[in-house]
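Good morning, and thank you for coming.

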Amino acid sequence: MIDNGQIYVSYLKKVNEECVKLAVLSSELNFDELNFIEFFELDICQPYGGQMIGTGGNLSKFKNNKILLTVGGFESYEVQKNDNPQKLDNMIGKILSIDKETKKVNILSLGHRNSQGLFYDEFDDVIYSTDHGPKGGDEININHKPFSEIKNFGWPISSYGEHYSKHYSKKILKEAPLNKSHKKYGFIEPVKYFVPSIGISQLVSINNEDSEFFVGAMGNEIKDQDLGIHYIKLNENRDKVIKHKYIPLNERVRDMVVSKDQKIILIFLETSSSIVILNKQEN
C-alpha cells in the first residue's frame, strides 16, 4: 500500500521455529532504493507450520493519519485457545487501525477468518472487506461508522460454510459450530455470501459514489463462479446488494488496483502471472 509518499508491505515474520507473526514494513517511496524499517508486528505468535493458513494481511488507507490492517484467524480455534477471533484480548481475526506516528492500535472489528479484500470509503466512513469462508461461506462485509463501536462478524461461531473435516473434536465443534445465521447469535450478517466459495480476494470501488464494486475470485472452477470478477452494486444505504453479475476470465484474480480517476483498473491474474489493463467506458 502506498500512502503519502510511504510504501507499506505486510509479511509473515519468522521469529523462531515456535513463533511467526504478521508484521508490516515501511519505507519512503522512491525509484532508486527502498530502505524498509519495521512499522508494526502482531502482539501474539503463531506456531511455525510450513504453510501458514488464514493470515489476512491486506492494507488500506484510513482517516486521521491511520492505516488499516486485516489479521486472519490463523485457524486459531484448532491450535491455540488463547487467540480466538472472538476474544478482544488479542489481535487474531481482527481488522485494526494503526496510527502512523504513535503506532497505537485500535480493534475496529472481530470475528474474521481471513480478510483478503479491503476498501475504505472516506466520504461515508465505511469499511468494506471480503472474508474467506471455510468450505463455502465467502463473505462481503460492511462496517458503517467503524469507530462508533467494535463490530463482530461472527467467525468461528457463525458461517454459511462448513468445516473441511467432519472429524473435529467435540471441544472444537463447540467453539466453532458454524451456525448459519449471524444475526440470531448477535453478529453482523454479511451483505453477500457465496456457497460454494469463490476464493474471494480483493474488493475495489469502480464509481465515485462507492456503490459499485469489483470483487476478485480465485478458486479453480468456472461452474462455481471462480476464476473471474464479480460485479456488485449496492443500494443507497449500502446495506443490500441490488445487482450482481459474474464475469468469467478463466484466471485466478488475486488483486486489483483502480486509478484515481477510476478510468483504469489493473488486474493481477495469478494463473498466468500477468497484469491486465481494463479501460472503463462511460455509458
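Predicted model: local features only at pLDDT ≥ 70, side-chain atom pairs only at ≥ 80, totals over all residues.

Let me begin with strand 16. Seven bridges join strand 16 to strand 17 (residues 241-248), and the two run antiparallel. Residues are numbered from 1 along each chain as its sequence is written, and side-chain values use heavy atoms, with hydrogens and water left out.

Two terms are needed at once. Strands are DSSP runs of E with at least two residues, numbered from the N terminus. Two strands pair if DSSP finds at least two bridges between them.

On its other pairing, strand 16 meets strand 15 (residues 212-217) in the antiparallel sense over six bridges, and Val215 stands opposite His230. Is strand 16 mostly covered or uncovered? Six of the seven residues in strand 16 (residues 228-234) are buried, where buried means under 20% relative accessible area, exposed over 50%, and partly exposed in between, with a 1.4 Å probe and protein chains only.

I turn now to strand 19 (residues 264-269). Its covered face holds Ile265, Ile267 and Leu269, while Ile264, Leu266 and Phe268 make up the uncovered one. In a regular strand the side chains alternate between the two faces of the sheet. Strand 19 pairs with strand 18 (residues 253-258) in the antiparallel sense over five bridges, and Val253 stands opposite Leu269 there. The hairpin of strand 18 and strand 19 has five residues between the strands, and Gln262 in the turn has a positive phi of about 60°. Strand 19 also pairs with strand 20 (residues 274-279), again antiparallel, over six bridges. In that pairing, Ile264 has Asn279 as its bridge partner. Four residues separate strand 19 from strand 20 in their hairpin, and Ser273 takes a positive phi near 50°.

What lies on the surface here? Val257, Ile264, Leu266, Phe268, Ile275 and Ile277 form a nonpolar patch with about 520 Å² of accessible area together. Such a patch is made of residues with over 30% relative accessible area and no salt bridge, nonpolar side chains (Val, Leu, Ile, Met, Phe, Trp, Tyr) being joined within 5 Å. The areas come from the Shrake-Rupley method with a 1.4 Å probe; for residues, only the protein chains shown count as cover. Strand 19 gives the most to the patch, with three residues. Leu266, at 36% relative accessibility, counts as partly exposed.

Elsewhere there is an open sheet of five strands, in the order 5-6-7-8-12, with mixed pairing. Strand 5 (56-61) and strand 12 (151-152) stand at its edges with a single partner strand each, so one side of each is left without a neighbour in the sheet. Strand 6 (residues 66-71) and strand 7 (residues 94-99) run antiparallel and are joined by six bridges.

Next, the interior. A nonpolar core is a set of buried Ala, Val, Leu, Ile, Met, Phe, Trp, Tyr and Cys residues joined through side-chain atoms within 4.5 Å. The largest has 19 residues, of which Val24, Phe39, Phe40, Leu42, Leu69, Val71 and Phe74 touch the most other members. Strand 3 (19-28), strand 4 (37-41), strand 6 and strand 7 each supply at least two residues of this core. A second, separate core of 16 residues includes Val126, Tyr128, Ile140 and Leu203.

Finally, the charged pairs. How many salt bridges are there? The count comes to eleven, a salt bridge being a side-chain nitrogen of Lys or Arg within 4 Å of a carboxyl oxygen of Asp or Glu. One of them joins Lys100 and Asp3, with the closest N and O atoms 2.9 Å apart. This pair links distant parts of the chain, 97 residues apart: Lys100 is in the loop between strand 7 and strand 8 (105-110), and Asp3 is in strand 1 (residues 2-3). Both Lys100 and Asp3 are buried.

Another salt bridge joins Glu41 and Lys13, at 2.7 Å from N to O. Glu41 lies in strand 4 and Lys13 in strand 2 (residues 6-16), so the pair ties together parts that are 28 residues apart in sequence. Glu41 is partly exposed, with a relative accessible area of 27%, and Lys13 counts as partly exposed at 22% relative accessibility. Salt bridges that share partners join Lys13, Lys21, Glu38 and Glu41 into one network.

Terms used. Patch = residues over 30% accessible without salt bridge, like charges linked within 9 Å, V, L, I, M, F, W, Y side chains within 5 Å.
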